[in-house]
Amino acid sequence: MTATERQPLTKERIITAAVAFADEHGIEALSMRKLGSELGVEAMSLYNHVDGKDDILDSMVDFLFASIGPVDTDSDWVETTRAAALAAKRVFASHPWSVQLISSREGLSEASFALMDALMGRLLDEGYSPKLAHHAWHAIASHVMGYAFQEIYSVFGKGEDHDHDRAERMLAEFAPKYPALAKIAPHLMECSHDEEFEFGLDLILTGIAAQKP
């Protein structure tokens, strides 16, 4: 019996294995049978620790939000919110299945509620109304999820995961027909997702700050 086989099967170990499996094979390929095989057990053994695949998927969402880390409630609200948004984008972009999974689940996870409560609580502490705090959360969350999606699927930008050849072919074909696109084409090939994300995030935070009573 190997050291891996001697490790007790726990829900935490199951979710960790599910995340690793999805990172390598995609979320669509995940099944109880395949996950059990990864862990060296029969699929039925998993049901002693999870209620089924839906429980695993919901727990994977919880894993994502928990990975963002705790919110620093002692810092300035702008600094706190900016740090949390940057951490969230890094987490989501590092797991190509994250945006798809989060969007497909009906409920929110315990960790996502904790993050929402902490960030909106900072805004309420600053004197923002509950309505404005809610609007601010949606604006920031949409920006984070949208940019994580772009970073995962975009053909533009730096990094080995981007299809530079395809991007160059697209620009060569379309840019000459569109003068504005032709002018920004060099930037499209060299743009940094982090730089673009932070530019938009700072605009959103500045706009939220302007709404302060």
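User: Quick one to start: which helix does Leu-115 lie in?
Analyst: Leu-115 sits in helix H8. Helices (H or I, at least four residues) are DSSP runs, numbered from the N terminus. Keep in mind that this is a predicted model: local features need pLDDT of at least 70, side-chain atom pairs count only at pLDDT 80 or more, and totals for chains, interfaces and linings use all residues. Residues are numbered from 1 along each chain as its sequence is written, and side-chain values use heavy atoms, with hydrogens and water left out.

User: Is Leu-115 buried or exposed?
Analyst: Buried, with a relative accessible area of 8%. Buried means under 20% relative accessible area, exposed over 50%, and partly exposed in between (1.4 Å probe, protein chains only).

User: What does Leu-115 touch, leaving out residues up to four places away in sequence?
Analyst: Phe-65, Ile-68, Val-71 and Trp-137. Contact here means heavy atoms within 4.5 Å. Val-71 is 44 residues from Leu-115 along the chain, with 7.2 Å between the C-alpha atoms.

User: OK, zooming out. How many helices and strands are there?
Analyst: The protein chain has 12 helices and zero strands. Of its 213 residues, 41% count as buried. Among contacts between residues at least 6 apart in sequence, 71% join residues at least 24 apart.

User: Which residues have the most contacts inside the largest nonpolar core?
Analyst: Ile-14, Leu-30, Leu-35, Ile-56, Met-60 and Phe-92, in a core of 57 residues. Helix H9 (residues 130–153) gives the most to this core, with nine residues. A nonpolar core is a set of buried Ala, Val, Leu, Ile, Met, Phe, Trp, Tyr and Cys residues joined through side-chain atoms within 4.5 Å.

User: And what is Leu-30 in contact with, neighbours within four places aside?
Analyst: Ala-18, Phe-21, Leu-35, Lys-53, Ile-56, Leu-57 and Met-60.

User: How many cavities of 30 Å³ or more turn up?
Analyst: One, in a search of the whole structure. The largest cavity holds about 40 Å³ of space. On a 1 Å grid over the protein atoms alone, a cavity is a set of points where a 1.4 Å probe fits but cannot get out, and a pocket is an open set with protein on both sides within 12 Å along at least five of seven lines; lining residues have an atom within 4 Å of a point. Grid points are joined across faces, edges and corners, and a volume is the space filled by probe spheres set on the points.

User: Which residues line the largest cavity?
Analyst: Thr-81, Leu-119, Met-120, Leu-123, Ala-133, Ala-136, Trp-137 and Ile-140. H9 gives the most, with four residues.

Key. Helix = DSSP H or I, 4+ residues; strand = E, 2+ residues; numbered from the N terminus.
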